[in-house]
Amino acid sequence: MTVDKGHTNTAFVGDDGLNSKKAHHGTKNIANSFALEIQDKKPGLETDYNPYEHRHVEHPTTNNETLIHLLKGSLGTGILAMPNAFHHAGWLVGGVGTLLIGILCTYCIHLLIKAEFELCRRKRVPSLNYPAVTQTALLEGPDALKPLSKVIIHIINTFLLIYQLGTCCVYVVFVSSNIKAIADYYTENDTDVRIYMLIILLPLILINWVRNLKFLAPFSTLANFITLVSFGIILYYIFREPISFEGREAVGNVAEFPLFFGTVLFALEAIGVILPLENEMKTPKKFGGNFGVLNKAMILIVTLYIGMGFFGYLNYGLDAKGSITLNLPEDEILAQCVKGMLAFAIYITHGLACYVAIDITWNDYMKKHIGDSPRATIYEYLVRTVLVLVTFLLAVAIPNLELFISLFGALCLSALGIAFPALIQTCTYWHETHGLAKAWMIVKNSVIGVIAVIGLVVGTSTSLKEIIHTFGDHE
């Protein structure tokens with residue numbers, strides 16, 4: 001949740017909110033009209049150009065700082081949903097499944113990083129953002145895919161926009177549910193969670209009216225500290241009672257596996273922050289590699305997720321809720337403090353999470369049609385308000401935390417985190433790889449693509465069915 005400044009790249013929000021928001025417009029022109037902005041490939045010069053040596057970053061990050069940013073990008077509301085994810089899959093399938101999904105996500109991130117470096121080398125530019133990498137790769141790939149390069153920017157932006165708004169929906173439900181849990185205990189009433197959503201709406205709109213991120217940075221730092229303390233208290237509650245396997249399923253209901261898949265993807269993936277973090281490093285070579293920053297971070301992240309899911313499920317079993325905070329004792333002040341602190345931390349992070357959605361909607365699309373008219377500022381505030389209302393109305397319609405997390409994980413991150421990196425690698429090396437190596441690349445990435453499509457279709461449809469069922473129950 002830290003705001004970095006400097007290099008011309010956009011960091012898209014991870015599951016914990018905004019981890020790094022760079023100046024978007026430096027590469028936006030490259031992304032939107034890449035074929036016109038980037039030099040044509042210059043044979044004979046590719047090996048002379050090293051993108052790392054041409055990156056001029058105002059405040060480059062060290063390896064440890066990048067590691068911390070990456071950890072923050074993956075540790076948020078998602079990790080609190082892991083016990084519920086293990087409830088769907090069982091403790092054995094949950095542990096093995098989280099490990100395998102973590103390995104797949106890490107591998108796909110490596111594909112993306114290597115492809116970006118190769119494309120930057122060929123096109124002689126220091127760095128590229130996610131949409132630009134995808135478009136450039138398609139232009140370098142087979143002729144049949146080149147027409148897609150004209151629309152791929154909009155496809156990527158659509159997935160990013162849906163994911164960011166989905167994350168904001170999760171935040172609204174999370175904050176309201178935890179406030180409700182506290183208020184219901186002290187008022188001895190069972191107030192509809194939608195009432196609390198309505199109460200927090202106006203301040204939420206005002207937070208998203210903040211146009212300069214530097215004003216939100218201090219609150220982000222406070223939110224990071226609160227989150228860290230809260231996680232420590234949650235672990236205390238998990239381990240204060242003896243852990244038992246009694247009544248806990250090793251293998252859950254197969255029909256609920258897609259919900260597990262979507263939840264883990266939502267929790268684990270921080271694909272949007274990967275390229276900006278790597279582009280901001282003092283030593284970007286140290287990001288990849290067997291012992292690089294990425295692998296170290298993912299080992300820690302996957303270990304923490306398995307631990308939280310495994311022990312949280314063993315503790316709460318079938319009662320594991322969409323956020324483990326809702327399983328904490330209702331009559332203990334310490335537990336109430338955790339719910340309140342995390343609700344506050346996530347609440348102020350909503351403005352940071354929605355910032356990217358606003359940036360894509362306003363700067364990439366709306367502003368082009370409105371121009372610099374005197375009313376442009378009014379229209380911008382209107383866009384900000386409408387986007388907040390969209391997240392609010394979705395949360396009001398289906399106030400179910402676990403289903404939102406699973407839906408947006410399966411829908412968006414199957415594509416952004418798995419399918420597109422495989423497509424990017426295939427297109428990037430389409431003309432440079434031959435024989436068995438090319439056949440292996442095509443088969444491997446096709447399998448990855450099939451996994452992503454199955455995860456997207458089955459995970460999204462399962463979540464939507466559950467949401468429709470829940471909506472019917474509320475009706």
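**Exercise 1.** Is the crossing in which H5 passes H6 left-handed or right-handed? Find the handedness, then describe how these two helices meet.

*Solution.* Keep in mind that this is a predicted model.
- Step 1: Locate the pair. Helix H5 covers residues 82–89, and helix H6 covers residues 91–123.
- Step 2: Look at the geometry. The two axes lie 7 Å apart, at an angle of about 115 degrees.
- Step 3: Decide the handedness. H5 passes H6 in a right-handed crossing.
- Step 4: List the partners. From H5 come Met82, Phe86 and Ala89, which meet Trp91, Val93, Gly94, Gly95 and Thr98 of H6.
- Step 5: Sort them by class. This contact holds five nonpolar residues, three polar ones and no charged ones.

**Exercise 2.** Work out how H8 and H15 are oriented to each other, and which residues they bring together.

*Solution.* 
- Step 1: Find helix H8 at residues 152–187 and helix H15 at residues 376–397.
- Step 2: Read the angle. Their axes come within 8 Å and cross at roughly 55 degrees, so H8 and H15 are oblique to each other.
- Step 3: Name the residues. Leu165, Cys168, Cys169, Val172 and Val173 in H8 touch Leu387, Thr391, Leu394 and Ala395 in H15.
- Step 4: Classify them. Eight are nonpolar, one is polar and none is charged.

**Exercise 3.** Find where pLDDT stays under 50.

*Solution.* 
- Step 1: Start with the whole chain, whose mean pLDDT is 84, with 89% of residues at 70 or more.
- Step 2: Pick out the stretches. pLDDT stays under 50 over residues 1–37 and over residues 41–46.
- Step 3: Check their contacts beyond four places in sequence. The model has 145 for residues 1–37 and ten for residues 41–46.

Methods. Residues are numbered from 1 along each chain as its sequence is written. This is a predicted model: local features need pLDDT of at least 70, side-chain atom pairs count only at pLDDT 80 or more; totals for chains, interfaces and linings use all residues. Side-chain values use heavy atoms; hydrogens and water are left out. Axes are lines fitted to C-alpha atoms, for helices over the stretch in contact, and angles run from 0 to 180 degrees between N-to-C directions. Helices (H or I, at least four residues) and strands (E, at least two) are DSSP runs, numbered from the N terminus. A crossing is left-handed if the near helix is turned anticlockwise from the far one by less than a right angle, and right-handed if clockwise. Contact means heavy atoms within 4.5 Å. Ala, Val, Leu, Ile, Met, Phe, Trp, Tyr, Cys and Pro count as nonpolar, Asp, Glu, Lys and Arg as charged, and the others, Gly among them, as polar. pLDDT is the predictor's confidence in each residue, from 0 to 100. Angles under 35 degrees count as roughly parallel, over 145 as roughly antiparallel, 65 to 115 as roughly perpendicular and the rest as oblique.
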